[in-house]
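Here are a few friendly notes to read beside the model. Please keep the structure open and find each residue as you go.

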Amino acid sequence: MTEDAAVFGGLKNMIDGLTNAYELYKPKMIAVSTTCMAEVIGDDLGSFIGNAKNEGGIPEDLPVPFAHTPSFVGSHITGYDNMMKGILQNLTQGKKKDKTNGKINIIPGFDTYVGNLREVKRIAKLMGIDYTLLADNSDYVDAPNDGKFNMYPKGTKLEDAADSCNAEATICLQAHSTPKTREYIQKEWKQATSVVRPWGIRGTDEFLMKLSELTGKPIPQELEEERGRAVDAMTDSHAWLHGKRFAIYGDPDLVYGMTSFLMELGAEPVHVLVHNSNNEFKAEIQELCSSNDYGKGATFWPGKDLWHMRSLMCWLSSQKNRKLLRGKALFS
């Protein structure tokens with residue numbers, strides 16, 4: 001952004017950017033998110049996009065959802081939530097019908113491991129469930145290297161996303177990266193939403209039972225057998241994991257799922273750090289740990305990052321060394 005744009009606004013840059021992006025890549029949709037400077041000077045994205053269409057830079061009917069995502073507000077999961085809401089709001093405008101399409105919407109949340117998305121799709125297929133994944137980026141992030149260039153590999157179709165407002169219900173696999181999106185779905189689509197975190201045995205059981213409850217589809221024998229193998233593997237690893245102490249760091253939903261799974265294995269979470277935490281999550285993780293004997297000694301560090309974890313590890317190490325030195329003094 002030049003000095004002129006910083007003072008007078010980024011309208012010209014926006015029009016040029018949208019025009020060039022459309023001419024180069026011929027996309028079916030262009031999503032726009034802001035950075036710090038655009039937020040500081042208060043650029044009006046809605047008007048800018050409208051001007052770009054009026055001047056012929058992009059087609060009038062091209063979907064251009066936008067979201068305000070300044071880096072000084074919240075974290076990356078806040079931006080994800082804002083952008084997800086913006087895309088759904090744009091694509092579904094005027095598409096609400098009196099009848100449902102019989103589908104289930106599944107919103108993964110901010111999850112960078114595409115193996116989880118593929119597993120969710122596999123489970124839905126095994127159960128015979130008609131679903132819409134909002135959104136499926138598994139082939140974008142993990143496309144095969146077959147020697148052929150493909151700008152847009154698979155993914156969720158825009159028409160399916162546009163029809164998501166007519167689904168039976170929406171399941172979110174994360175709570176803290178989807179609050180505004182869930183609120184929008186409930187108020188504007190009049191659609192039931194639920195949060196299920198499919199981590200470990202308990203979390204995956206809850207996910208499968210929620211799918212069965214919403215669709216009336218039974219849980220297939222194949223998945224029950226896989227559950228049994230998972231329990232068997234957990235039992236076999238008991239000697240190596242039971243009583244082991246862990247420090248955990250990450251985003252709220254990831255930390256919640258990992259903490260729950262570790263306690264299922266008999267491991268003990270000692271320090272739980274979440275740099276983008278809030279009071280709601282702190283109460284949630286405290287309730288989870290206090291409900292399990294393995295988690296009752298856990299300490300919680302909201303707003304702390306890996307640097308703080310390093311300090312905690314150094315402190316624990318120093319305490320251990322002091323105990324060893326005291327022991328040597330007693331027996332010398």
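1. Gln286 is partly exposed, with a relative accessible area of 33%; buried means under 20%, exposed over 50% and partly exposed in between, using a 1.4 Å probe and protein chains only. Gln286 belongs to helix α14 (residues 279–290). Helices here are DSSP runs of H or I with at least four residues, strands are E runs of at least two, and both are numbered from the N terminus. The C-alpha atoms of Gln286 and Tyr256 are 10.0 Å apart, while 30 residues separate the two along the chain.

2. A word on the basis of these notes: this is a predicted model, in which local features need pLDDT of at least 70 and side-chain atom pairs count only at pLDDT 80 or more, while totals for chains, interfaces and linings use all residues. Residues are numbered from 1 along each chain as its sequence is written, and side-chain values use heavy atoms, leaving out hydrogens and water.

3. How many aromatic pairs does the structure hold? There are two. Rings of Phe, Tyr and Trp (its six-membered ring) pair if their centres lie within 6.5 Å; planes under 30 degrees apart are stacked, over 60 edge-to-face, and the rest tilted. Tyr80 and Phe110 make an edge-to-face pair, with 6.1 Å between centres and 85 degrees between planes. This pair links distant parts of the chain, 30 residues apart: Tyr80 is in helix α5 (residues 76–91), and Phe110 is in the loop between β3 (104–107) and α6 (114–126). Tyr80 is buried at 19% relative accessible area, whereas Phe110 is partly exposed at 30%.

4. Tyr184 and Trp189 also pair edge-to-face, at 5.9 Å centre to centre and 70 degrees between the planes. Both of these residues are buried.

5. Now look at α6, which has 13 residues and reaches 19 Å from its first C-alpha to its last, close to the 18 Å expected at 1.5 Å a residue. That expected span is 1.5 Å times one less than the number of residues. Among the buried residues of α6 are Val114, Leu117 and Lys121. After α6 comes Gly128, with a positive phi near 70 degrees.
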